[in-house]
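Have the coordinates open while you read.

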Amino acid sequence: MSHASSPSVAVETLPLIRTLGIVSAICGLIIVGAYLATLDAAKANRQLAAERAVFKVVPSAKTITEYFLVDGRDIKPGEGADAPAGAIKFYAAYDAAGKLAGIAAEGAAKGYADTVRVMFGYTPSCQCVTGIGVVSMRETPGIGDKILTDTSFLANFKALDVKLNKDLSALANEVKVVKHGTKTDPWQIDAIAGATITSRAVGKGINDAAQMLLPKLVPQLQRLGTRG
Amino acid sequence: MENKPGEGCETGGCHSAAVPIKVVALTPQTPSNWMEFAEGLWERNPVFVMVLGMCPTLAVTVSAINSISMGLATTFVLAASCWLISLMRHMIPKEVRIATYIVIIATFVTVVDYAIQAISLDLYEALGAYIQLIVANCLVLGRAEAHAARTAPMAATMNATGMGLGFTLGLFMIGGVREILGSGTFFDIHLFGSNFQPWVVMVLPPGGFFVMGGWLLLFAIIRKRKEKAALAATEMEVQHGA
């Protein structure tokens, strides 16, 4: 709105817009350049991290394939893409002979400090969770992070029962975290004394993910079949 | 604390709690590039003297490696953005200078963010949101506004690199102590036997304040002693003279 002849102190707008435009264009180019330059390495890193996490929860696995469960029905190969909205990501892990060794999926629940994200391995033959790993957490060092090291807590996940009910609509028994020392059933998780909230987050993360994924996945397990 | 724009801090507004600083930048003759570089390393150390950028200083210094990574990331952002700002200092109208600085700083923060994802995902997880928050670090905008905007590119880059390395040193001095006491390790190497009971509080948020306070206390004591010695020396001279 300013004029060069105007006596007021109004500033010419055009040079301001021009400067911001030029600076933004240069910055845009730098960002795109950096993105393209690091894309491959970042993808490889993410793939490696996922593989490491899966191999930890399904120890007999040799290769993994990423899948999405889309709209709660279809199973589609992931091929390294980001999960579309509403899709659940999981990994099918195959052993050396190319046979399906297990399924790894991620669950998340609110812990003491922040969301605790856990990866768990599901073994179809026993219909149970046979291993867990922590993907990320910010729990109190020395207290909440015992979920990584406490051997009696980790023993809960040698064979945690996640059988489905008869009409395959949900888990037969909800995975429940119980007070330290009161575990009676194979679908219960014995909490760590003093770290109950973090233990509960692990249990809830597994339960929520299993309730969503397994009823849809188990009837289609044959489709994942073998690989080789 | 770190969100304050730099102007007030640079002119002395926000280091009342810290060691008083000598006003070096106001000397009439242009300082050499080496002087520019050395200024931030110790004499005006961003962490212990200027006490800028406290948010990452207290938050990510739970281990030595985190501290160094965070410091180097900040150094890169500082040096690159000060260089570009200094290069463009004559064409940036003063009405939009802060907006321009923020765009430039945010660009290099994004570059660092991508680079760390490509280097190590574990490190990226450990540093978390503090990488993105470099853009809000008082130190970066402060150097851009108070120094790079009125200095030639070479001197501005040297000064920014020195400041960044000084910041890294400060972070490392805090992070190293916190890791040794809080986890019993240094760069993940176990220092003590299995009987060592880590002081968990040191890797929790209060530990950051304890160690920071401890260092500031130590520097304050040393400074007081030096002042006392200097005072005694002058008194002696006066007595001898009389």
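1. Let me start at a serine. B:S69 touches B:L123 and B:L127, leaving out residues up to four places away in sequence. The serine sits in helix α4 (residues 64-87) of chain B, and with a relative accessible area of 14% it is buried. Bear in mind throughout that this is a predicted model.

2. Next, the interface. How many residues of chain A are in contact with chain B? The count is 26 residues of chain A, against 28 residues of chain B. Putting the two chains together buries about 2,100 Å², and carbon and sulfur atoms give 76% of that area. Helix α1 (residues 13-57) of chain A gives the most to the side of chain A that touches chain B, with 20 residues. That side of chain A divides into 16 nonpolar, six polar and four charged residues.

3. What about specific pairs across the interface? The rule finds zero salt bridges between chain A and chain B. Polar contacts do turn up there: four residue pairs, with both residues at pLDDT 80 or more.

4. Leaving aside neighbours within four places in sequence, B:V103 is in contact with A:V23, A:S24 and A:C27. This valine belongs to helix α5 of chain B and counts as partly exposed, at 27% relative accessibility. If you want a distance to check, B:V103 and B:G162 are 59 residues apart in sequence and 23 Å apart in space, C-alpha to C-alpha.

5. In chain A, A:E66 pairs with A:K89, with the closest N and O atoms 4.0 Å apart. A:E66 lies in strand β1 (residues 63-70) of chain A and A:K89 in strand β3 (residues 88-94) of chain A, so the pair ties together parts that are 23 residues apart in sequence. The cut-off for a salt bridge is 4 Å, so I'd look at this pair by eye. As for accessibility, A:E66 counts as buried at 12%, while A:K89 is partly exposed at 33%.

6. Chain B has a salt bridge between B:R97 and B:E145, where the closest N and O atoms are 3.0 Å apart. Here B:R97 lies in helix α5 (residues 97-119) of chain B and B:E145 in helix α7 (residues 138-146) of chain B, so the pair ties together parts that are 48 residues apart in sequence. Are the two partners buried or partly exposed? B:R97 counts as partly exposed, at 24% relative accessibility, and B:E145 counts as buried, at 9%.

7. Another chain B pair stays within one helix. The side chains of B:E227 and B:R223 meet in a salt bridge at 3.8 Å, N to O. Both lie in helix α9 (residues 205-241) of chain B, four residues apart, which is about one turn of the helix. B:E227 is partly exposed, with a relative accessible area of 45%, and B:R223 is partly exposed too, at 24%.

8. Now the cysteines. There is one disulfide over all chains, and it joins A:C126 to A:C128, with the sulfurs 1.8 Å apart. Which hand does this disulfide have? The torsion about the S-S bond is about -75°, so the disulfide is left-handed. A:C126 is partly exposed, with a relative accessible area of 32%, whereas A:C128 counts as buried at 5% relative accessibility.

9. Two chain B cysteines are worth a check as well. B:C55 is in no disulfide, and the nearest cysteine sulfur, that of B:C138, is 12 Å away. B:C55 is partly exposed, with a relative accessible area of 23%. B:C82 counts as buried, at 2% relative accessibility.

Methods
Residues numbered from 1 in each chain as written. Chains lettered and ligands numbered in written order. Predicted model: local features only at pLDDT ≥ 70, side-chain atom pairs only at ≥ 80, totals over all residues. Heavy atoms only, no water. Contact = heavy atoms within 4.5 Å. Buried area = accessible area lost by both parts, 1.4 Å probe. Polar contact = N/O pair within 3.5 Å; in protein donor to acceptor, adjacent residues only side chain to side chain. Helix = DSSP H or I, 4+ residues; strand = E, 2+ residues; numbered from the N terminus. Nonpolar A, V, L, I, M, F, W, Y, C, P; charged D, E, K, R; others polar. Disulfide = S-S within 2.5 Å. Buried < 20%, exposed > 50% of the residue type's maximum accessible area, 1.4 Å probe, protein only.
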